[in-house]
Amino acid sequence: MSEGIWTIRPCPHRQASCLARELGLSEIAASVLVRRGYGDPEEARAFLAGEQPLHDPMLLGAMSEAVESIRAAIAAGKRICVHGDYDVDGICATVLAVLVLRELGAEVEWHLPSRFDEGYGLSGQTLERLAEEGCGLVLTVDCGITAVDEVRRARELGLDVIVTDHHRPADELPECPIVATRPSDYPFPELCGTGVMYKLGQALLGADSETLRRHLDLVALATIADVVPLVGENRSLAIAGLRTLARTQKPGLQALMKVARVDPATVDAGQVGFRLAPRINAAGRLGHPRAALELLLTEERAEARRLADRLEELNRDRQAVEDKILRAAIAQVEEWPEAKRRRRAYVVWGEDWHEGVIGIVASRLVERYNRPVVLIAGTDGLWKGSGRSIPSFDLHGALGACSQFLERFGGHRAAAGLSIRPEGMEPFADAFAAQAEELLTPEELVPGTTVDAVLPRDAKLTLALCQELRKLAPFGLGNPDVTLLAPGCELGDLATVGEGKHLRFRVHRNGQDAGGAIAFGQGTKLDRYRREGRYDVAFRLQENHWNGTVAPQLVVRRVFDTDDRFDELYGWLRSQWDAETREAQAQAIFDELEVKAGGPKRHPLESETFRSLLAEPALLQAA
Ligand SMILES: [Mn+2]
C-alpha cells in the first residue's frame, strides 16, 4: 500500500526564531506555531493560554428577541420544551438548556427525536403532541434552522418557537426568533449547537455566571465530539471545559469516566473523542438517546452508575455491529472486478446493515481507500445511506448531481445522508462514480500527510519537547496533533505487539538511538521495515508512562522510504556552503532555510527548492 506523500507549509524562519526568543520556546515548537498562523508573539501567547476572546452573546443572531420571549414565557408560567438531537452535541445542548431554564425557575421538559422513527430535526407530529399536552414554548437546540413548515404549523397551533442551531440554513428561514451562527454577524461562526446554547445561557444568566461555568464540561464534550474547528472561541471553550470536566460534580460524567476507564485528572480531547463521545452516542445509534440524556442530567449516584453501565453495554453492541458491517463492506469491495475497484468513489450496500452505524463505517472505508464512500443500509421501504468524503471532494454537491436517483439527501461537503429506492442503487452507484471521475484527479486519491516541522540532524526528542508541544492541545479539526518528520532513520528491534496488529521498534538517526516507536495498526508491515534501508518517519511525540518510568515515544503516522538521491544532493549542498561562489540554487536553499554560521541548524528538507531538486534532479543539472 502506498504511503502517499508528505507536505509542509513554508515557514519564515526569522519569525520562528524571534517567536522562540520572545516566548522562551524551542525552535521546533516556534516553527509549528508560525506554520499554523500564530507567528505574532501576542497571538501565539493568547493561543497557548487558551485565551481567545469570548464574544458578546448579544451579537449572535436574534439574541435579544430570544431572551425576551424566554423571560416572557417564564413570567407567564408557560411550560417550555427543549427539543434537541440524538448525537452528543444535541444531547449536551438539551441538558444545558434544561439546566439554564431551571436556574431561571422555568417549568421545563425535553424531547429528543429517535433516529429511527422521527429522524433528524423537528417533526410536525411531535409539535402537535406538544401543543396538545399544553406546552407553550419550544426551544430547539442543535436543529430547527431548516424547519420552515414545521415552525409555521407550530404557530398555527398556538405554540411559540425559538430556534437555536449551527447547521446551514436553506434559502427560506423559519418565522421565529433565530439564534444561529448563520445567518449572523457573529465574529466566530464555528460554534457547535451546545456552544450556541452556551451563548444563550450567557445572555440569560450573565457572561460571568458561576452556574454556567459549572456546565462548561458539557460544552467541551460537544465541541470536541461535533468536530468543529478547535480554534478561536471553540479552543477557549474546550480548554476551560476540559478543566471543568476534570473536576465535574455531575454524577453521570463521573460514572461514565469510570466505566470508560478515563482518569478525570488527565482527561483530554482524545479521550473525549474516542472514549466518552462514542458511549454517549451509542444509545441514539442503536435505539433512543434517552439514557444518555438522563445520565448527564441525573443527580443520583446509583442511577448514574446504572445508566453508565447501560451505555457501556450499548457501546459494546455498537462496536460489534460496526465491525461486522465493516468486514462485510471490505469483503464486497475486494470481490469487485478490477475496473470497479478503480472507481474514484464507492457506493456499497447491504440488506441487513444497521442504519445507526453506517456513517462510522463509511468513515473507516474513506480512511482505508482514500476516496469518497457512500454506505447504504436496507430497511423496509426506502433504503438509508450515509456518505463521507475526502477534503477535495464536495459530497453534498455530488449527491445533488445524482439527485434523480435519490428520494432525499442532505448534509454538507464532508458528510451527508440520503434515502433511495432499492432499484435506484445500481444507477446511483454508476452516476456517483462518474461524478468522482470527472472531479477528482488520481493525485487527489493519494493520502497526504501534513508535516509541521522537519527535525534538524542533531535534534533530540526529549520530554521537554513533548511538554512544549502539548501546550498546543487540545487537538482536533483545525488544530491537528503536531506531526514531526525525522528523516534518514534506521529502524531496529522490530516486533509486532497486540496479536500482530501493531508494530514496535527503535529509531536510530546518525548512529544514535532517537527513541522507541509504536505504529498502531501497521503490524502487517513488519517485513517491509525489516529491509535494510533508511526511512523518513512521520510521527507525533508522546510521553509514555511505563513501569514507573516516563520516556518520549514516537507514535508513528507514516513511514516513507528515504529518497535514494538524498545523500548525493546533501553532499552537493554541503560543498556549496564552503564554496567561494555559490550556485544560485544552493544560495536559494540557504536563503529559504535562513541558516548562518553559528545559528540554529535546519534540515534541508524544510527548503522547497531542495525538495523540488530531490524530486527532479534534472533541474539541478539544467542550472
Ligand atoms: Mn451539532
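Predicted model: local features only at pLDDT ≥ 70, side-chain atom pairs only at ≥ 80, totals over all residues.

**The open sheet, strand by strand**

Modeller: An automatic or database assignment divides the protein into domain 1 (5–46 + 449–561), domain 2 (57–213), domain 3 (336–445) and domain 4 (566–622).

The open sheet is built of five strands in the order β3-β2-β4-β5-β6, and their pairing is parallel. At its edges stand β3 (107–111) and β6 (178–180), each of which pairs on one side only. Direction ignored, neighbouring strands of this sheet are turned by 20° against each other on average.

Within this order, β4 (residues 135–140) and β5 (residues 160–165) pair in the parallel sense over four bridges, and along this pairing V138 stands opposite V161 in β5. Helix α8, which covers residues 193–205, packs on the sheet and touches both β5 and β6, while the direction of α8 makes about 120° with that of β5. In general, the strands of a sheet are paired through backbone hydrogen bonds, in either a parallel or an antiparallel manner.

For the antiparallel manner, one can look at β10 (residues 408–411) and β11 (residues 415–420), which pair in that sense over four bridges. A hairpin of three residues joins β10 to β11, and G411 has A416 in β11 as its bridge partner.

How values were computed
Residues numbered from 1 in each chain as written. Pairing = 2+ DSSP bridges. Helix = DSSP H or I, 4+ residues; strand = E, 2+ residues; numbered from the N terminus. Axes fitted to C-alpha atoms, helices over the stretch in contact; angles between N-to-C directions. Contact = placed C-beta atoms within 7 Å.
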